[in-house]
Amino acid sequence: GKMAASGRKFWVGGNFKMNGTRASLTALVDEFNKATLDPNAEVVIAPPAIYVDLVRGHARKDIAVAIQDSYKVASGAFTGELSPEMALDSGVAWVILGHSERRHIFGESDQLIGEKVAYALKAGIKVAACVGETQTEREAGQTNAVVDRQMAAIAAAVPAGKWADVVIAYEPVWAIGTGLTATPAQAQEVHAHIRAWLGQHVSADVAASTRIVYGGSVRGDNSAQLATNADVDGFLVGGASLKPEFITIINAKAH
């Protein structure tokens, strides 16, 4: 593979969610470590926080590690929470923020997600910020309006010089873990809309350089086709990242 024509480095994240044991994640990382991975892809894996040390210590150095959420301050009386500083101290380079499960199961608002994004970037960790509509919203023709609202909260939190530390993940909620996947055309349509939104509300440079990745039942058998879209710059993978199949997805653009 080579750098995309866009100049945007292909980005593939594996969100392990609340899955794994010491034994299973050690075995999984062994598979990734011995695999031939596209050197032009940026690879990030997000284990449950309790396994970050294990995974960071075991994974080869060209695989970055993320946490799945972080709070908006460095430390304090916030039982159960983690700060970006703690993540950085543990060799973690990225945090996923605004995932639909945080929004819909745990009730996180656009405002809170914006505050978390702002703080994470200030602390010096990189952010994969998630947006996406539910099935009801898509059926009501509200996809663009929902994504625009979520993007506005995220963009307001990103200082001008920090966009290089941000990846936007478009995850149609109706396609997460359901086996349903946006068609390549559906994914491209929303990705192009997000890029146009960035051009209109941030800058042409940020629109051209920001990676917009797709999440939502990405598998080894559909990743190559999804990756052919001009505005799909990689993936945020759920269930398939817990299997050696993740290697196929990382290599979706390698020829």
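This is a predicted model: local features need pLDDT of at least 70, side-chain atom pairs count only at pLDDT 80 or more; totals for chains, interfaces and linings use all residues.

Trainee: How many salt bridges does the structure hold?

Mentor: The general idea is that side chains of opposite charge can pair when their charged atoms come close. In this structure there are 18 salt bridges. One of them joins Arg60 and Asp62, with 2.7 Å from N to O. Asp62 is partly exposed, its relative accessible area being 48%.

Trainee: Which parts does the pair of Arg102 and Asp69 tie together?

Mentor: The side chains of these two residues, Arg102 and Asp69, form a salt bridge at 3.6 Å, N to O. Arg102 belongs to helix α4 (residues 100-104), while Asp69 sits in the loop between β3 (63-67) and α3 (84-89), so the pair links parts 33 residues apart in sequence. Asp69 is buried at 13% relative accessible area, whereas Arg102 is partly exposed at 22%. The cut-off explains the two labels, because buried means under 20%.

Trainee: Is Asp110 buried or exposed, and what of Arg103?

Mentor: Both Asp110 and Arg103 are buried. They form a salt bridge in which the closest N and O atoms are 2.8 Å apart.

Trainee: Which residues are linked in a network of salt bridges?

Mentor: The network links Arg8, Arg195, Asp231 and Asp233.

Trainee: Let us turn to strands. Are the faces of strand β7 covered or uncovered?

Mentor: Both faces of β7 (residues 211-214) are covered. Arg211 and Val213 lie on one side, Ile212 and Tyr214 on the other, and all are buried.

Trainee: In what sense do β6 and β7 pair?

Mentor: Strand β6 (residues 166-170) pairs with β7 in the parallel sense, over four bridges. Val167 has Arg211 in β7 as its bridge partner, and Arg211 is among the buried residues of that strand.

Trainee: Where is Ser217 found, and what is its phi?

Mentor: Ser217 is in the loop between β7 and α10 (223-227). Its phi is positive, about 55 degrees, although Ser217 is not a glycine. Ser217 is buried, with a relative accessible area of 16%.

Conventions:
Residues are numbered from 1 along each chain as its sequence is written. Side-chain values use heavy atoms; hydrogens and water are left out. Buried means under 20% relative accessible area, exposed over 50%, partly exposed in between (1.4 Å probe, protein chains only). Helices (H or I, at least four residues) and strands (E, at least two) are DSSP runs, numbered from the N terminus. Two strands pair if DSSP finds at least two bridges between them. A salt bridge is a side-chain nitrogen of Lys or Arg within 4 Å of a carboxyl oxygen of Asp or Glu.
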